[in-house]
Amino acid sequence: MIHVRQVRPADVEAAHAVEVASYPPEERDTIEMFRRRVDLFSEGFLVAEEGRRLVGVLNSARTDDARPGDPGLRDGSRHVVAGRNVIILTVATIPSHRGRGVATSLLREIAARARLGHIESLLLYCHGDLVPFYRRHDFALVGPSRVAFGRETWFDMERRLSTGDDAR
Ligand SMILES: CC(C)(COP(=O)(O)OP(=O)(O)OC[C@H]1O[C@@H](n2cnc3c(N)ncnc32)[C@H](O)[C@@H]1OP(=O)(O)O)[C@@H](O)C(=O)NCCC(=O)NCCS
């Protein structure tokens, strides 16, 4: 059974191993970025466990920007403590556990937490192949992103929370 909970500092290495297993080197966040996200916004850093094994990760930052693209969000330098939006930076499941709803559980939990925290929107950027997946999670396609690292084009997506959409 998959259990989603907030990260603890002791999880950072295992959480980063999920990142390494999931992204090509040019798109990977560093373990220092992960440590900083735990320090700055652990409420927005979730892990999924099966038994004692960490199998999925979602982390994020807060911002007042309406569109992703600021590199300072990835390294934490532009995290805004009371920012009105949450930008999801990593969503990853280890390959052996994909297709079993791990990312879905992580996305549901961050949406529930963000709603409780009166966050206006959840933002993220993804490659085109994942646009349909996030659409199924109530994100709308905003358009090509200003985000510029790694391979291919990124697309911005937004899920507004302040409009009273129901909990999922
Ligand atoms: C994308 C990812 C997080 C999904 O995790 P997951 O735990 O398998 O997700 P769920 O089980 O909740 O949902 C699975 C669905 O995701 C979609 N999906 C996953 N990868 C996909 C891809 N490369 N292209 C298109 N759809 C994809 C499919 O709709 C899939 O449904 P299916 O199993 O019926 O085919 C996982 O594949 C992963 O870690 N990928 C590498 C890292 C990455 O690209 N993260 C997203 C960054 S924006």
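Val55 counts as buried because it has 23 C-beta neighbours inside 10 Å; the cut-offs are 20 or more other C-beta atoms within 10 Å for buried, 12 or fewer for exposed, and partly exposed in between, with C-beta atoms placed from the backbone. This is a predicted model: local features need pLDDT of at least 70, side-chain atom pairs count only at pLDDT 80 or more, and totals for chains, interfaces and linings use all residues. Residues are numbered from 1 along each chain as its sequence is written.

**Val55**
- Val55 is found in strand β3, residues 53-63. Strands (E, at least two residues) and helices (H or I, at least four) are DSSP runs, numbered from the N terminus.
- Leaving aside neighbours within four places in sequence, Val55 is in contact with Ala48, Glu49, Glu50, Thr93, Ile94, His97 and Val102. Contact requires C-beta atoms, placed from the backbone, within 7 Å.
- Val80 is 25 residues from Val55 in sequence, and their C-alpha atoms are 29 Å apart.

**Ligand shell**
- The ligand is surrounded by 17 residues, and the closest are Thr93, Arg98, Gly99, Ala103 and Thr104. A residue is near a molecule if its C-beta atom, placed from the backbone, lies within 6 Å of it.
- By class, the shell has eight nonpolar, six polar and three charged residues. Nonpolar covers Ala, Val, Leu, Ile, Met, Phe, Trp, Tyr, Cys and Pro; charged covers Asp, Glu, Lys and Arg; the others, Gly among them, are polar.

**Helices α1 and α2**
- The axes of α1 (residues 12-22) and α2 (residues 31-41) come within 10 Å and cross at roughly 125°. Axes are lines fitted to C-alpha atoms, for helices over the stretch in contact, and angles run from 0 to 180 degrees between N-to-C directions.
- Val12, Ala15 and His16 in α1 meet Ile31, Phe34, Arg35 and Val38 in α2.
- The residues of this contact divide into five nonpolar, one polar and one charged.

**Positive phi outside glycine**
- His118 has phi near 60°, a positive value in a residue other than glycine. His118 lies in the loop between α4 and β5 (121-126). With 9 C-beta neighbours inside 10 Å, His118 counts as exposed.
- Asp138 is not a glycine, yet its phi is positive at about 70°. Asp138 lies in the loop between α5 (131-135) and β6 (140-144). Asp138 counts as partly exposed, with 17 C-beta neighbours inside 10 Å.

Terms used. Two residues are in contact if their C-beta atoms, placed from the backbone, lie within 7 Å.
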